Amino acid sequence: MSLSGKSRISVAICTYNGERFLAAQLESIAQQTRLPDELVVCDDGSTDQTLSIIRSFAASASFPVRIFENERNLGFAANFEAAIRRCAGELIALSDQDDVWYPNRLERSEQELAAHPQTGLVFSDGDLIDEHGRLLGETLWQRLGFDAKRKRALLAGQFVILAKHRFITGATMMFRAGLRDRTLPVVAGWIHDEWLVMTAAAFADLRPIEQPLIRYRLHGTQQVGFANKLEKRAEGATPAQRHWHRVAESARELQQLCNALGQAALPAYLQHLQFLQFRANLPSRRLARLAPILTHYPQYRIHASGLASMAKDLALAR
């Protein structure tokens with residue numbers, strides 16, 4: 001805790017050749033109504049002016065800026081893990097290098113955690129902007145399908161929703177540092193924010209903040225975003241190949257997660273994994289799939305998209 005009795009807040013930002021947008025993001029952190037107690041920067045081998053921008057910012061910042069340069073390129077997920085491990089605060093907020101925060105981003109997140117002691121991680125909506133900073137008239141939650149029904153399910157502890165959908169963006173998150181040892185390391189192949197969210201849910205409540213707290217930038221040079229999160233699960237030359245690859249990839253990832261959690265694995269995750277494995281092992285002959293698919297109709301309603309998913313599993317060639 002700080003001398004004021006408030007929790008210390010660390011902001012973890014990972015950089016890689018981010019000179020184009022980084023200064024605007026750093027300035028938005030400096031303009032917070034609740035300033036961070038430290039900014040931890042992990043650079044992944046930038047070859048542009050990124051480090052110069054950070055050092056210039058650190059020289060005038062009103063809070064400590066700790067800069068770490070990786071000896072080798074780690075990739076975005078491992079780089080975020082390295083930054084999180086170096087944070088000294090009781091609360092940790094993640095930051096991308098190319099967004100812009102609204103002034104109350106840290107204050108509002110801290111307030112939500114203080115008001116809900118059982119909550120370990122909070123996340124917010126974000127306004128989408130283009131590479132020039134222009135509002136696109138849509139939010140992260142709208143784009144990712146995080147609607148009122150899914151909010152109610154999450155708040156009710158129906159964590160199968162986390163296994164089915166990816167709607168929590170790391171750039172909007174703040175979490176208690178006590179979760180760090182329970183959620184790290186990030187297993188290879190996973191995106192850091194998805195791993196943090198799904199493991200954190202096994203140990204603490206997750207809570208959405210209804211308002212946009214950042215402007216989330218969409219541009220062609222993003223290292224990772226919600227578009228390429230989905231692309232890696234949709235490889236294949238045909239719709240059928242992409243469908244079955246998504247099923248198999250989702251089962252593989254969830255198996256990794258359950259293995260890492262061990263006894264702490266949520267029943268919802270185990271049930272969803274069992275259903276994905278059933279789908280991944282359906283027979284190649286369509287007629288032979290009919291009876292087992294019909295038998296699993298209740299599971300299709302809970303763990304997939306009901307009749308639409310049943311139709312795909314029956315019709316698409318394997």
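User: In which strand is the place of Thr119?

Analyst: In this predicted model, Thr119 belongs to strand β6, residues 119-129.

User: Why does Thr119 count as buried?

Analyst: Buried means under 20% relative accessible area. Thr119 has a relative accessibility of 4%, so it counts as buried.

User: Which residues is Thr119 in contact with, leaving aside its neighbours within four places in sequence?

Analyst: They are Leu113, Arg176, Asp205, Leu206 and Arg207. Contact here means heavy atoms within 4.5 Å. As for Leu155, it lies 36 residues from Thr119 along the chain, and the two C-alpha atoms are separated by 10 Å.

User: Why is Asn17 called partly exposed?

Analyst: Partly exposed covers what lies between the buried limit of 20% and the exposed limit of 50%. Asn17 has a relative accessible area of 31%, so it is partly exposed. Asn17 sits in the loop between β1 (9-15) and α1.

User: What is the phi of Asn17?

Analyst: Asn17 is not a glycine, yet its phi is positive, about 45 degrees. Most residues other than glycine have a negative phi.

User: What kind of peptide bond joins Leu184 and Pro185?

Analyst: The bond is cis, with omega about 5 degrees. Most peptide bonds are trans. Pro185 is in the loop between α8 (180-183) and α9.

User: Why is α9 described as largely enclosed by the rest of the structure?

Analyst: Nine of the nine residues of α9 are buried, and therefore the helix is largely enclosed by the rest of the structure. Among these buried residues are His192, Asp193 and Glu194, as well as Trp195 and Leu196.

User: Which residues of α9 and α11 meet?

Analyst: From α9 come Trp195, Met198 and Thr199, and from α11 come Leu254, Gln256, Leu257, Ala260 and Leu261. Of the residues in this contact, six are nonpolar, two are polar and none is charged.

User: What makes α1 roughly parallel to α2?

Analyst: The axes of α1 (residues 22-30) and α2 (residues 50-60) cross at roughly 20 degrees and come within 10 Å. Angles under 35 degrees count as roughly parallel, and α1 is therefore roughly parallel to α2. The crossing of this pair is right-handed. The contact involves Leu22, Ala23, Leu26, Glu27 and Ala30 of α1, together with Thr50, Ile53, Ile54 and Phe57 of α2. Seven of the contact residues are nonpolar, one is polar and one is charged.

User: How do you know that the chain agrees with a compact globule?

Analyst: For 318 residues, a compact globule would have a radius of gyration near 20 Å; the chain has 21 Å, so the two agree. The C-alpha trace spans about 70 × 40 × 40 Å along its principal axes. Buried residues make up 50% of the 318 residues.

User: How many helices and strands are there in the chain?

Analyst: The chain has 15 helices and nine strands.

How values were computed:
Residues numbered from 1 in each chain as written. Predicted model: local features only at pLDDT ≥ 70, side-chain atom pairs only at ≥ 80, totals over all residues. Heavy atoms only, no water. Helix = DSSP H or I, 4+ residues; strand = E, 2+ residues; numbered from the N terminus. Nonpolar A, V, L, I, M, F, W, Y, C, P; charged D, E, K, R; others polar. Rg over C-alpha atoms; globule rule 2.2 N^0.38 Å. Buried < 20%, exposed > 50% of the residue type's maximum accessible area, 1.4 Å probe, protein only. Axes fitted to C-alpha atoms, helices over the stretch in contact; angles between N-to-C directions. Parallel < 35°, antiparallel > 145°, perpendicular 65-115°, else oblique. Left-handed = near helix turned anticlockwise from the far one by under 90°.
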